[in-house]
Amino acid sequence: MKEGTETRELLALDGHGAIVRGTYHKTYNSCADSPSNLIERDRVGVVFLNGLAATRASNGDVTVYWADSFAERGYPSFRLDLPGFGDSEGDPPPEWLNFINAGGYASIAAAKIKELVARFNLSGVVIVGHCSGTVAAIHAAANRECLGLVLMDPSFHLSRSQTTRPKVRQKLNDWALQSRFGGFLSRIFDFLKQIRLLLRANALPENANFSLLRQWKEVASTGMPILILKAPRWRSPGTKPRVGEFDYLKHVLGLAGRKGRVVVKVMEGANHSFANRLGRVAVRQHTECWLNDNFPSLKREEGAVSTSLLERNGNKTHNQFHEDCTTNICHGV
Amino acid sequence: MQIQSSTKTELPELAGYFTVPGAHLYTVLHQAADPVARVLLVGAFASERHFSYHAWVRWARFLAARRIEVLRYDYRGIGESTGIFGEMSFEEWSEDVKLLANWIASRSPNVPLILHGIELGAILAGKSFHEGMGDALLLWSPPANANHALRATIMRWAGLEQIFESPENQKSASEYIRQLEQGSSIEVQGYEWSSRLWRDSFHVDLPANLRDESSSREAYKKPVKTVRFGKDSGSLAMPYVRYEDPKDLSALYSDNCDWITGALALPNGRTQ
């Protein structure tokens, strides 16, 4: 047994009274499989925080794929299991969804990011969060170690676990999805919700996560680069919400203000987990473009073309990737 | 193997990589001081790993707290292990079990080794046991063959798990199966299942003697226990629901730990 492979190393961050386990994806030497020793100082790292996902690998091991890819592009990448999840110690807190919604994991995430920055001589990190993991990411972004944010399908309202959703409501949803008549009724329901929204003059809904929105405003209005990746949802094409739903994206872009540097991309064909083929590749491409625009890595500056890991795995080479970047394959806001 | 040792707990968990041909298996050794037995946990397959992880880690901790050392791992090409999922086969995943069983057994040959598998892992553990490895076998929700496990995963995927899928991406389980049988690959929760995987799965069986407990005890002369969580014996229901809703499985853990202790006549090993 050994502590690492040529590209990965296991981590146990034991400061601040909690052991958090994770995986470090090393940056690569551009023309060999051996790990690079020359780019271990003053680099921008990428830290993935798991949200509702049970493990730091995420659905379909998609986070492993992204971390491998970003490391190969010159960004040391770290995947962490927050306390109570995956291999880290402890149990999730009682009422853990409320705990997450309130940014309960932010302080431990910030503390662990400080540890990573010190241990790996990083100039700072970009925090990547998915779904409820975006809540911890936004709250943790107030710390100076955080240089940027990537938020995948962020939720600015207080989400409920599917298991706490009334069963009748769930069954109605399933029925509406599967039956033509159910779909028709569902559209009427959406229309009624739209009327209610208009009557409320587009005021924030009662279940908005107000503390998160305050934190967002504080962070985004400083001009921190932020990339929001959105998966299309049922009856919610592009960046627009479903009829009758509050437009949180528009709202948060407004909160970011003039100094805001928020980019929104819609990942066509992606599902919510972004683990399907289209989703995982789109996230990789758009995030790499964005990282390069905002935090150019040494390897990128040198124009290095690696043919190692990604190519062996049947993925696009960096030359192909560069074409994708320049032809702007994404829908941006 | 001295890797990530926890300093805050009494029972350090060591994470590391175990080298197998062409890949590195991610392993976590739940150490026990002066262990009375060792267990190799052979987990659920691919996307099921994600949903079972919480329950699986806590089961490992439960045993380690009772002086039963546990090794758990990720299959080649899955989770934290390296390798490309689509290039792996049941032969390689069977080999993983054998290599790790040999490794953990070699740590102290005088301590009994229990193989414990869940779902597809139950077949892999059962096959190794059939070949003579281990002193006892514990099976949770063993399918009759690997195809049953794959089917059960597709059923779950085509049902509840597609809530977030856009309508154009939604397909029925029978449509997915038809695609596989026609030679196409499908994506299940981010894993690309090839038609080869599907075809091979029909030939990866739970050894016949393990289909019921009485015949297995007779055939192997070693303790064997099978636990099923559904209403009928063919069910592939799991003890966990989803990662969003951690269940209290302490009664299950306690019953199974008692069985291990009793079947192997172990001293009561509770340390905490």
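**Sheet in chain B**

I started with the open sheet of chain B, which has seven strands in the order β1-β2-β4-β3-β5-β6-β9 with mixed pairing. I'm working on a predicted model, where local features need pLDDT of at least 70, side-chain atom pairs count only at pLDDT 80 or more, and totals for chains, interfaces and linings use all residues. Residues are numbered from 1 along each chain as its sequence is written, and chains are lettered from A and ligands numbered from 1 in the order in which they are written.

My strands (E, at least two residues) and helices (H or I, at least four) are DSSP runs, numbered from the N terminus. I call two strands paired if DSSP finds at least two bridges between them.

I looked up the edges next: β1 (13–20) and β9 (224–227) of chain B each pair on one side only. On average, neighbouring strands of this sheet are turned by 20 degrees against each other, direction ignored.

At the β9 end, I found four bridges joining β6 (residues 136–140) of chain B to β9(B), and the two run parallel. There, B:Leu139 stands opposite B:Thr226.

I then checked what α2(B) does: this helix packs on the sheet, touching β1, β2 (23–30), β3 (37–42), β4 and β5 (113–118) of chain B. The direction of α2(B) makes about 165 degrees with that of β3(B). Axes are lines fitted to C-alpha atoms, for helices over the stretch in contact, and angles run from 0 to 180 degrees between N-to-C directions. Contact, here and below, means C-beta atoms, placed from the backbone, within 7 Å.

**B:Glu87**

I went to the loop between β4 (68–73) and α2 (90–107) of chain B, where B:Glu87 lies. I log B:Glu87 as partly exposed because it has 14 C-beta neighbours inside 10 Å. The cut-offs are 20 or more other C-beta atoms within 10 Å for buried, 12 or fewer for exposed, and partly exposed in between.

**A:Ile226**

A:Ile226 has 26 C-beta neighbours inside 10 Å, so it counts as buried. Leaving aside neighbours within four places in sequence, A:Ile226 is in contact with A:Gly148, A:Leu149, A:Leu151, A:Ala220, A:Arg261 and A:Val262.

**Domains of chain A**

I noted domain 1 (8–158 + 210–332) and domain 2 (165–206) of chain A, with bounds from an automatic or database domain assignment. Five residues of domain 1 are in contact with seven of domain 2.

Definitions and conventions: Contact = placed C-beta atoms within 7 Å.
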